[in-house]
Structure formats: C-alpha cells, structure tokens
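User: I am new to this structure. Please walk me through how to read its features.

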Amino acid sequence: MAKKEFVEQITSQEENFSQWYTDVVRKTDMVDYSLVKGCMVIKPYGYGVWELIQHELDSRFKATGHKNAYFPLLIPESLLMKEAEHVEGFAPEVAWVTQGGTEPLQERLAIRPTSETIICSMYSNWVQSYRDLPVLMNQWCNVLRWEKTTRPFLRTSEFLWQEGHTVHATEEEAVEETERMINVYREFAENVLAIPVIVGNKSEKEKFAGAVRTYTIEAMMHDGRALQMGTSHFLGQNFAKSYDIKYLSKEGRQEYVWQTSWGVSTRLIGGLIMVHGDDRGLKLPPKVAPTQVMIIPIAAHKGGVTEKAHEIRDMLLDKGLRVEVDERDQSTGWKFNDCEMKGIPLRIEIGPKDIEAGHVVTVRRDNFEKKTVEWNDIASEVPSLLDDIQKNMLEMAREHMEERIFEVSDYGEFKKVMEDTSGFVRVPWCNETECELEIKADTGATSRCMLTEEETHIPEGTKCIHCGKPAKKIMYFAKAY
RNA sequence: CGGGGUGUGGCGCAGUUUGGCUAGCGCGCUUGAUUUGGGAUCAAGAGGUCGCAGGUUCAAAUCCUGUCACCCCGACCA
C-alpha cells in the first residue's frame with residue numbers, strides 16, 4: 001500500500017540506526033550541511049525546537065536566581081593557558097585567530113571552546129568582598145571545538161549552548177548549587193523533553209577538565225547507546241587559584257572563592273530525536289513541538305471546510321497553543337505523512353463529513369489513536385490530549401530505559417550485554433581509571449554515571465565487576481554517543 | 001585520525017569497468033484542468049559547465065594526479 005511506500009523513504013531503525021538518524025534530521029528539514037566542515041545550518045524547524053528548549057530552561061534559571069550575560073567569543077592565548085588541566089583537556093580542539101585584517105596578531109586569540117577562562121578573568125575583577133557573592137550568571141552562546149567527526153546536533157564543531165558560571169563564598173554553597181542545577185536539568189529533561197535520565201557523578205576520567213566533580217544526566221537512546229544530556233561541575237577552587245578570584249571575608253581574611261559551571265547544548269535535540277523517533281520519523285513532545293497541532297482540511301474547496309479549519313485554529317491559538325492549518329496544495333495522504341515525519345504531536349482532520357456531523361477527527365502521533373471530537377469539546381479536549389501525549393511519551397521512554405538497565409552478576413554477562421549494545425549495566429566498581437580503560441578496550445563501554453556519595457551503599461566485601469578489587473562505587477557503564 | 005563508500009538539474013539514481021556524436025530516468029517544480037478521509041490523474045513546460053583544480057587525448061561524466069565535501073564503521077570528545 002501507499003503507507004509502505006512512505007516508510008521506505010527513511011531507513012528503518014532496525015536496519016541502520018545511524019542512517020535512520022541522518023535521514024530524519026534531513027527529511028524533517030531541521031538542519032542542512034554548510035560549506036564549513038563540521039558546521040551545520042539549523043533551519044527554522046530545528047531552531048524552533050531549540051527556542052522552546054531555551055525558553056523552558058531560561059525560565060528555570062531565572063527562577064533559581066540566575067541572570068544572563070554575554071562574554072566575548074575570543075580568548076587571548078595566555079588567558080586560556082592558566083588552568084593546567086583545563087588546557088590539557090581543550091587544547092587539541094581549539095581554533096585560533098592569528099590575523100586581524102592584514103596584520104598578524106601579537107598574541108593569538110582562541111575562539112572559545114567554553115568560557116570558564118574568560119569569565120573567571122572577569123570575575124577576579126568583579127569579586128572583592130563577601131558582599132559581592134554569590135555571582136549567579138548564565139550565558140547563551142555558541143562555542144567552537146575542532147571536531148574530527150561530526151553529526152548533526154550530536155557533535156558539530158560549532159554548537160549552541162548555555163553555560164552557567166557561579167561563584168560562592170563556601171564549598172557547601174557551591175556544591176549545593178552544582179546539585180541544584182543538575183536537578184533542574186533532570187526535571188527539565190523529564191517534564192519538558194519527556195526523556196527520563198540517570199543522575200550521578202562522572203568518573204575521574206570522564207569529568208570536566210578542571211573540575212573537582214562532575215554531575216551528569218545520562219539518557220538511553222533507542223539503539224541502546226547512552227547520551228550525556230547535560231553536566232554540572234563543582235569546580236572547587238581550581239579556577240579561583242589560577243585566575244586569582246579572592247574575596248575579603250566578614251572576618252577580614254582574603255579567601256579564594258568556590259565555583260560551579262553547568263551547561264546543555266543543541267545536542268539535546270539529538271537526544272530528542274533518538275529517544276522518541278520511530279520508523280515514520282520524528283516524534284516531538286508537545287512542550288517542545290514548534291507546531292503542536294496541525295489541522296488538515298480535506299477537500300478544502302467544499303462547503304465551509306476551510307472556514308471551519310480557520311475557526312478551530314483561531315480558537316486554539318487563543319488558548320495559547322501552537323497551531324497551523326496545512327493549506328498546501330497536496331494530497332491529503334501526503335500531508336498526513338508529512339505531519340508524522342515532522343513529529344507533530346496532534347493532527348486534526350476536518351472534511352465535508354465532519355462539517356455535516358459537527359465534529360473533527362484527532363489523531364495522536366505517539367500512539368496513532370483516533371478520536372472523534374465534537375466542535376464544542378475541541379477547546380477543552382485538545383489541551384488535555386496534548387497533556388496526555390506529553391505524559392505518555394515520558395512513560396514510554398521510561399519503560400524503554402528501564403528495560404535497558406541490566407544488573408549483571410559477573411564480567412562475562414557485562415561483556416555479553418555490550419556485544420549487543422543493549423544498554424546500561426549497573427555494577428559495583430573499584431573507581432580506578434586503569435580498570436575503566438581496560439573495560440573500555442575490552443567491551444567498548446565507557447563509564448557514564450555513578451551513584452553519588454550519599455546514594456552509595458555497598459555491602460562489605462563486594463568486589464569490582466572487572467578487576468576484583470574492593471568495590472567503591474555503583475557505576476553505570478554503556479556504549480555512548 | 002584509520003578502514004570502507006558516495007559526489008551527475010531541487011531530491012533519489014543510471015551511465016564510468018571498455019573515452020565517441022545532442023548526458024538519461026523517476027520524484028519534485030511551473031501552468032491549466034479534474035481531484036482530495038493515508039503519498040492522485042491528464043496535458044503542456046522549465047531546469048545540468050557531471051564536487052573542484054590540473055593533466056592525458058582529435059575527443060573526458062568516463063582515464064591519470066591532486067584536492068574538497070558528505071555518509072557508514074572504528075579510535076577521540078558535550
């Protein structure tokens with residue numbers, strides 16, 4: 001049938017997940033490749049999703065006391081080089097500006113791969129007294145990292161993100177902030193993106209270059225690979241000491257400050273695609289869908305169809321929903337499929353039969369459930385359907401993730417799970433980098449996320465899943481993007 | 001960065017092995033008509049310096065050298 005023909009337009013997830021992903025981002029018109037290697041054009045449909053993500057996150061940042069600022073794109077080389085671990089972590093992928101106009105520069109300028117250094121250098125001027133603390137800032141910007149292999153949204157050389165940078169008087173306060181923000185990310189991922197996540201700490205090896213401790217949220221993609229969705233770093237006094245950020249305390253002593261930084265990027269959109277998408281294309285949760293409801297007039301020229309479609313649209317727009325009428329001169333079937341490919345959460349069909357009967361037909365993208373809705377009920381029914389879709393998508397994703405968390409009893413089982421790339425394994429672990437590297441070489445899995453100090457209760461005598469030394473942590477391992 | 005693959009109208013491809021005359025096909029696009037409840041039909045049209053740069057040749061999409069981009073699989077990173 002026609003339906004089958006449509007499905008053939010994108011590769012099935014089963015057949016080749018990577019190809020499916022590429023097909024989806026292209027067919028939905030979210031991105032286009034550009035002339036510069038590793039840089040992508042985010043087209044209106046993709047950018048629309050990002051704007052909604054920004055809006056939702058930004059209001060959460062504001063609600064937790066943060067304000068937005070903007071720092072420069074260019075960082076003098078000498079400034080970038082001040083924090084040793086940070087330099088080591090980022091130096092290989094920094095792009096440099098070496099010439100201004102026709103003159104070579106005296107000092108090269110780095111295009112920011114992240115902004116800790118430039119922000120810290122400013123903070124060292126701004127923070128003098130305990131009265132100046134805390135500093136709670138965020139910036140929305142682009143950063144550039146010279147990546148070798150790239151994929152739309154998941155890894156591009158230039159990407160959009162937000163980075164929060166805060167300064168505190170005490171360690172406790174900074175740790176509290178780090179944890180607060182990872183929880184903001186978790187709540188946002190679940191309630192807005194409908195993506196359940198595992199929250200915890202990164203290993204020594206995986207933590208942010210220059211951080212004392214990195215908190216992460218990790219999600220499970222449809223193919224069994226994990227995706228890091230956001231991180232929040234407790235920076236301790238590392239940057240304070242390198243960039244000389246001190247304040248005079250109430251007691252009259254010069255003290256180094258305690259800092260945090262935290263960020264999420266356009267990578268979230270990649271997660272959205274890979275968690276919810278299916279063989280018909282994208283599936284967007286209503287809260288980040290640029291179009292939440294698509295009204296499709298059928299036989300639009302016939303008595304009153306177009307008028308009624310407009311009337312319903314205007315009514316739903318008044319309710320604050322994002323609604324469009326697909327008035328393109330295409331066949332109905334084509335519009336249905338286009339709507340599904342783009343992942344629009346709810347479709348409303350209205351044709352001559354509906355005009356006669358005084359109702360419309362709604363079709364959900366999450367489960368394809370059809371429903372007849374009387375005109376009088378549309379205003380109340382549509383928002384409640386969208387709510388339900390949002391909830392159901394989280395539930396479906398949660399079920400999928402839970403099926404993909406494996407408690408294994410020995411290293412043999414661990415390896416078997418990784419051979420099938422089937423998800424997270426949750427294991428007792430020694431917390432040593434050497435062991436982690438061996439596991440990676442052996443299975444392809446990396447440590448993703450471990451239970452925090454408070455959550456970790458390991459019975460006496462428990463051994464590391466791989467090396468057999470005493471277990472110190474409960475770690476989730478997975479193959480990752 | 002290694003291994004594999006692909007670049008030919010907007011999209012998807014054929015043609016390249018064995019050089020040959022005016023570069024084809026499907027979809028899409030434009031105009032008109034009939035249509036519309038799961039990718040419509042007919043008619044008439046428009047659109048390509050074959051990724052780019054050199055070279056070989058009477059002649060290059062096709063052969064040679066270089067280069068760029070993209071995709072897939074690894075290694076590395078958000």
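User: Is Phe-153 buried or exposed?

Analyst: This is a predicted model, so every value here is computed from it. A residue counts as buried if 20 or more other C-beta atoms lie within 10 Å of its own. Phe-153 has 26 within 10 Å, so Phe-153 is buried. Phe-153 sits in the loop between S7 and S8.

User: What is phi of Phe-153 near?

Analyst: Start with the general idea. Most residues other than glycine have a negative phi. Phi of Phe-153 is near 70°, a positive value. Phe-368 is another non-glycine residue with a positive phi, about 65°. Phe-368 lies in the loop between strand S18 (359-364) and strand S19 (370-374).

User: Is Phe-368 buried or exposed?

Analyst: Count the neighbours again. The cut-off for exposed is 12 or fewer. Phe-368 has 10 other C-beta atoms within 10 Å, so Phe-368 is exposed.

User: Which peptide bond is cis, from Leu-133 to Pro-134?

Analyst: Most peptide bonds are trans. The bond from Leu-133 to Pro-134 is cis, with omega near -5°. Pro-134 belongs to the loop between helix H6 (116-126) and S7.

User: Which strands pair with S8?

Analyst: Strand S7 (residues 135-144) runs antiparallel to S8, and ten bridges join them. Across that pairing, Asn-138 faces Gly-164 in S8. Strand S14 (residues 258-265) also pairs with S8 in the antiparallel sense, over eight bridges. There, Gln-162 stands opposite Val-264 in S14.

User: How many residues of strand S8 are buried?

Analyst: In a regular strand the side chains alternate between the two faces of the sheet. Strand S8 (residues 158-168) is mostly covered, with eight of its eleven residues buried.

User: What should helix H13 span?

Analyst: At 1.5 Å a residue, the 29 residues of H13 (residues 375-403) should span 42 Å. The end C-alpha atoms of H13 are 41 Å apart, which agrees. H13 bends by about 40° at Glu-381, and Pro-383 follows within four residues.

User: Which residues of H13 are buried?

Analyst: An α-helix has 3.6 residues a turn, so residues three or four places apart point the same way. The buried residues of H13 include Ile-378, Val-382, Leu-386, Ile-389 and Met-393.

User: How is chain A divided?

Analyst: Chain A has domain 1 (27-276), domain 2 (291-385) and domain 3 (406-478). The C-alpha centres of domain 1 and domain 2 are 40 Å apart. Chain A holds 15 helices and 23 strands. Its radius of gyration is 25 Å, close to the 23 Å that the globule rule gives for 481 residues, so chain A is as compact as a globular protein of that length.

Methods: Residues numbered from 1 in each chain as written. Chains lettered and ligands numbered in written order. Predicted model: local features only at pLDDT ≥ 70, side-chain atom pairs only at ≥ 80, totals over all residues. Domains from an automatic or database assignment. Helix = DSSP H or I, 4+ residues; strand = E, 2+ residues; numbered from the N terminus. Pairing = 2+ DSSP bridges. Rg over C-alpha atoms; globule rule 2.2 N^0.38 Å. Expected span 1.5 Å × (residues − 1). Bend = angle between axes of the 7 residues up to and from the residue.
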